[in-house]
Amino acid sequence: MNNELGLKLCEVGPNSERTIEIDTGPEAELPITIGRSPDANIIIGILGRNVYVPHPNPIKRQAGEKVQISQLISRVQATIFRDEIGRIRIRDGNGNASQYGLREGATDKLLRRPWLLSPGAFVKLTPEGNGYRCWVEWSAPSCDADTPTIGFSAWHNENLQEELKEQASAIKALNTALEDLQTTSTETDKRQDLKIRFTEKKLARLIIVGAIELSILAVSLGITSEQMQEILQIVTMVATVLGSGVILTHKGKPG
């Protein structure tokens with residue numbers, strides 16, 4: 001086994017503890033699954049089988065219920081694997097997220113994507129309580145006192161830089177999608193406006209033709225000019241409501 005870089009899994013129970021070295025060399029057999037399943041490459045949770053912690057459900061926790069900590073560990077809690085360019089990473093579960101998730105050791109930040117593992121790494125694998133803890137760590141090499149620092153390890157900084165790049169890409173993609181939506185909306189509005197104007201003109205023509213036919217019919221029926229004026233006013237109101245902008249006027253008697 002090649003463990004020259006010092007990656008290891010640590011599990012501590014109330015009365016016992018263990019450390020498992022994880023091979024990170026070029027010939028290492030990866031991926032490695034970690035969980036309570038008998039089929040996992042590294043089985044965890046046995047040291048916590050007699051440890052009880054407050055129930056994760058808020059209602060049950062408020063009622064004072066407790067649960068065995070081993071029951072909060074998924075069959076596959078985490079997977080250590082090599083990415084497409086050969087770097088060692090850890091991800092939550094193995095295709096499906098675990099119950100608890102993985103957390104960065106110093107900040108307790110929930111890791112929502114595969115995180116790079118490198119010297120200085122410290123990732124919590126399980127819930128903690130009443131003397132039980134389980135995590136993976138990668139021993140960091142010693143550094144000179146003059147080495148500048150901004151409060152985080154080089155490992156943490158690498159992952160933060162990756163997150164910033166992912167967020168920048170997501171924002172760029174969102175802006176592109178928004179611009180495309182605005183362009184599509186504008187084009188749709190233009191097409192809709194053309195359809196509306198075409199419909200209005202068509203209705204206006206129908207109204208005008210109808211008014212002419214109505215005038216002819218009025219002559220044959222002997223409708224008075226006052227009655228005809230009222231009818232044409234109604235037609236004009238309808239045309240205005242439809243937005244045609246057509247004003248119909250009538251002067252004098254039909255014919």
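The legends below describe close-up views of a predicted model.

Local features are reported at pLDDT of at least 70 and side-chain atom pairs at pLDDT 80 or more, while totals for chains, interfaces and linings use all residues. Residues are numbered from 1 along each chain as its sequence is written, and side-chain values use heavy atoms, with hydrogens and water left out.

**View 1. Overall view of the protein chain.**
The protein chain holds three helices and twelve strands. Helices (H or I, at least four residues) and strands (E, at least two) are DSSP runs, numbered from the N terminus. Of its 255 residues, 34% are buried. Buried means under 20% relative accessible area, exposed over 50%, and partly exposed in between, with a 1.4 Å probe and protein chains only. The chain exposes about 16,500 Å², of which carbon and sulfur atoms supply 55%; accessible areas come from the Shrake-Rupley method with a 1.4 Å probe, and for residues only the protein chains shown count as cover. Among contacts (heavy atoms within 4.5 Å) with a separation of 6 or more, 53% are between residues 24 or more positions apart.

**View 2. The largest nonpolar core.**
A nonpolar core is a set of buried Ala, Val, Leu, Ile, Met, Phe, Trp, Tyr and Cys residues joined through side-chain atoms within 4.5 Å. The largest one has 29 residues, and those touching the most other members are Leu9, Ile34, Ile90, Leu117, Val123 and Leu125. Two or more residues each come from strands E1 (7-12), E3 (32-35), E7 (78-82), E8 (88-92) and E12. Strand E12 gives the largest share, three residues. Beyond its neighbours within four places in sequence, Val123 contacts Ile90, Leu102, Arg103, Gly105, Leu111, Leu117, Trp135, Val136 and Trp155.

**View 3. The aromatic pair Phe122 and Trp135.**
Rings of Phe, Tyr and Trp (its six-membered ring) pair if their centres lie within 6.5 Å; planes under 30 degrees apart count as stacked, over 60 as edge-to-face and the rest as tilted. One aromatic pair is counted by this rule. The ring centres of Phe122 and Trp135 are 6.1 Å apart and the planes stand at 85 degrees, so the pair is edge-to-face. Phe122 belongs to strand E11 (residues 122-124) and Trp135 to strand E12 (residues 133-138), so the pair ties together parts that are 13 residues apart in sequence. Phe122 is partly exposed at 27% relative accessible area, whereas Trp135 is buried at 10%.

**View 4. Arginines over aromatic rings.**
A charge sits over a ring if NZ of Lys or CZ of Arg is within 6 Å of the ring centre and within 35 degrees of the ring normal. The charged end of Arg91 is placed over the ring of Phe81, 4.3 Å from its centre. Arg103 lies over the face of Tyr100, at 4.3 Å from the ring centre.

Glu11, in strand E1, is buried with a relative accessible area of 1%. Its side chain makes a polar contact of 2.8 Å with the side chain of Arg18 and another, of 2.6 Å, with the side chain of Tyr132. A polar contact is a pair of N or O atoms within 3.5 Å; within protein, one must be able to donate a hydrogen and the other to accept it, and residues adjacent in sequence count only if both atoms are side-chain atoms. Gly45 is in the loop between strands E4 (42-43) and E5 (52-54) and is buried at 7% relative accessibility. Leaving aside neighbours within four places in sequence, Gly45 contacts Glu11, Ser70, Ile73 and Tyr132.

Thr79 lies in strand E7 and is buried at 0% relative accessibility. The side chain of Thr79 reaches the backbone oxygen of Gly93 at 2.7 Å. Not counting residues up to four places away in sequence, Thr79 touches several residues, including Pro31, Ile32 and Thr33. Pro31, in the loop between strand E2 (17-21) and E3, is joined to Leu30 by a cis peptide bond with omega about 10 degrees.

Asp108, a residue other than glycine, has a positive phi near 65 degrees. Asp108 is in the loop between strands E9 (103-104) and E10 (115-116) and is partly exposed at 38% relative accessibility. Asn130, also not a glycine, has a positive phi of about 50 degrees. Asn130 is in the loop between E11 and E12 and is exposed, with a relative accessible area of 53%.
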